[in-house]
Amino acid sequence: MRRVFPVLILLSLMLALAGASTALAASKVNPKDIVAIDSGDLLAMVAKDKGKIVVVNIFASWCPPCREEIPGLIKVFNGTSRDELALVGVSVDKEPKALATYMQDLHINYPVYLAKGDFIQKVRVTAVPQLLIYNKKGDLVFNHRGLVDEEDLREAIRQAQ
C-alpha cells in the first residue's frame, strides 16, 4: 500500500498536468484566424450590438500602456453581463503572428481584429491605446486617447448607460 499511494499521487499529478497543457493548447490563437476589419465593419458590429454598451479598445502589441490597460478591460468585461456590455479589440499591428502571441500572453478573452483599409483614418486613431464607448443607441459617447485605468473605465461605462 505504501508503494501504491505515491504512484497514485504521481499519476494524478501527471493527469492534471496533461489537462493543463491541453487547456493551454486550446487557448492558442492561430494568426490565420485573425480577421481584419475596416471602419464600416466596426460600425456594423456596433449596430449589431444595439441595446448594449460597446467598448472598443484600439491597441498595438508593441505599446506598453496598451499592455497595462488590457487586464483592467478583461476584469471589467468578466464582471459585466454579456447582455449589457460588448468588448471588442482592434489592433493596429501589421503582423497577425505578433498579435496572436500578444493575445495569448495577456489571455485576451474578447474578440480582437486587425485594423485594415480606412480604419485608422476614419476612426481617427492618433494614439494607442484609444478607447471608444458607444451607448445602447449606438452613439459614440466616449473617445479617449491614452491609458484608461479600471476605475475610469467603469465610470465611463456608467455614464454611457
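**Close-up views of a predicted model**

**View 1. Glu150 and its two salt-bridge partners.** Glu150 is partly exposed, since its relative accessible area is 25%, and the model in which this residue is shown is a predicted one. One partner of Glu150 is Lys75, with which it forms a salt bridge whose closest N and O atoms are 3.9 Å apart. Because Glu150 lies in helix 6 (residues 150-160) and Lys75 in helix 3, this pair ties together parts that are 75 residues apart in sequence. The side chain of Glu150 also meets that of Arg154 in a salt bridge, at 2.9 Å from N to O. Glu150 and Arg154 are 4 residues apart in helix 6, so about one helical turn separates them. Arg154 counts as partly exposed, because its relative accessibility is 30%.

View 2. Side chains of opposite charge can pair when their charged atoms come close. Lys52 forms a salt bridge with Asp49, and the closest N and O atoms of this pair are 3.7 Å apart. Lys52, at 22% relative accessibility, counts as partly exposed, whereas Asp49, at 11% relative accessibility, counts as buried. Salt bridges that share partners join Lys48, Asp49 and Lys52 into one network. The structure as a whole holds 6 salt bridges.

**View 3. Helix 3 packed with helix 4.** Two packed helices are described by the angle between their axes and the distance between the axes. Helix 3 and helix 4 (residues 96-106) pack at an angle of about 55 degrees, and their axes are 11 Å apart; the two helices are therefore oblique to each other. Helix 3 passes helix 4 in a right-handed crossing. The contact is made on one side by Cys66, Arg67, Ile70 and Ile74 of helix 3, and on the other by Tyr102, Asp105 and Leu106 of helix 4. Sorted by class, this contact of helix 3 with helix 4 has 5 nonpolar and 2 charged residues, and no polar ones.

View 4. Arg67 and Pro129 are 62 residues apart in sequence, while in space their C-alpha atoms are 9.1 Å apart.

Definitions and conventions. Residues numbered from 1 in each chain as written. Predicted model: local features only at pLDDT ≥ 70, side-chain atom pairs only at ≥ 80, totals over all residues. Heavy atoms only, no water. Axes fitted to C-alpha atoms, helices over the stretch in contact; angles between N-to-C directions. Parallel < 35°, antiparallel > 145°, perpendicular 65-115°, else oblique. Left-handed = near helix turned anticlockwise from the far one by under 90°. Contact = heavy atoms within 4.5 Å. Nonpolar A, V, L, I, M, F, W, Y, C, P; charged D, E, K, R; others polar. Salt bridge = Lys/Arg side-chain N within 4 Å of Asp/Glu carboxyl O. Buried < 20%, exposed > 50% of the residue type's maximum accessible area, 1.4 Å probe, protein only.
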